Amino acid sequence: DAAVVAVDVRPGGLRLAAALGLGSHLLLDSLNTYGVRPWLPFDGTWYYGDVAFIVDPWLWLAFGAGAALGVPPTRWGRRRWWFWNGVVTGFLFFRAALFGNPWAVPMIWGVLMPMALIARERVIPPARRQVASLAAIGLAIVYLLGLGVSSRVAAGHALRHGRPLLAQAVESYSSSPAPAIPWRFRVVLATPTELLAVDVDLLSGRIEPGTPLPRGLDDPHLPAVT
């Protein structure tokens with residue numbers, strides 16, 4: 001006969017967990033350049049954070065370490081974390097080889113994430129794991145705040161160097177960090193008739209405006225494809 005296990009379920013806690021999951025999902029999605037429309041179907045307004053790239057390994061590292069430190073210890077859980085660490089490390093090395101990303105990114109990940117997993121099993125006592133988990137999440141929040149400030153600084157540099165190249169005033173812009181390289185940004189400036197991409201490297205101070213491109217919003221064929 002199957003054993004019956006009594007579980008103390010608290011609806012209030014489940015509702016809170018669901019609300020936190022939904023709210024944090026929307027919040028994190030709103031930080032990238034793709035944006036979200038949280039008020040559909042009543043309002044289709046887009047909201048863009050222009051803070052983080054849609055796939056950011058450093059956020060994965062901070063949140064992943066926080067999750068790994070906070071989950072209950074099980075044999076399958078340990079194997080699962082090591083498996084996904086290998087998958088992400090391989091992905092980062094693949095991107096470095098294929099797209100010329102800095103090799104330091106996968107190397108740093110390949111050292112820090114295993115250190116977090118080993119610390120959880122060998123160093124941090126069970127009573128301290130929740131504190132360590134919250135500390136990792138705190139680091140993610142500090143990282144996002146730093147990205148937000150850097151994004152605005154990069155946008156300021158792009159506006160100063162890009163405005164003279166455009167025939168009309170800038171009406172909007174979008175600033176996005178490079179994948180896994182949070183000190184490099186691509187800022188796209190938009191006028192009613194043109195787009196201009198400006199690459200900004202905050203560490204080296206290099207600012208490289210591209211060539212203005214027509215938006216083509218007056219093309220007579222546009223209504224047919226929209």
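This report looks at the overall fold of the chain and then at its aromatic pairs.

## Basis of the model

The model is predicted, so local features need pLDDT of at least 70 and side-chain atom pairs count only at pLDDT 80 or more, while totals for chains, interfaces and linings use all residues. Residues are numbered from 1 along each chain as its sequence is written, and side-chain values use heavy atoms, leaving out hydrogens and water.

## Overall fold

Let's start with the layout: the chain has six helices and five strands, in the order α-α-α-α-α-β-β-β-β-β-α from the N terminus. Here helices (H or I, at least four residues) and strands (E, at least two) are DSSP runs, numbered from the N terminus.

The C-alpha atoms fill a box of roughly 75 × 45 × 30 Å along the principal axes. Of the 226 residues, 31% count as buried (buried is under 20% relative accessible area, exposed over 50%, partly exposed in between, with a 1.4 Å probe and protein chains only).

## Aromatic pairs

The structure holds three aromatic pairs. Rings of Phe, Tyr and Trp (its six-membered ring) pair if their centres lie within 6.5 Å; planes under 30 degrees apart are stacked, over 60 edge-to-face, and the rest tilted.

One of these joins Trp60 and Phe91, with ring centres 6.4 Å apart and planes at 40°, so the pair is tilted. Trp60 sits in helix α2 (residues 57-70) and Phe91 in helix α3 (residues 75-99), 31 residues apart. Trp60 is partly exposed at 35%, and Phe91 is partly exposed at 34%.

Phe83 and Trp84 form an edge-to-face pair, because their ring centres are 5.2 Å apart and their planes at 75°. Phe83 is exposed at 52%, whereas Trp84 is partly exposed at 48%.
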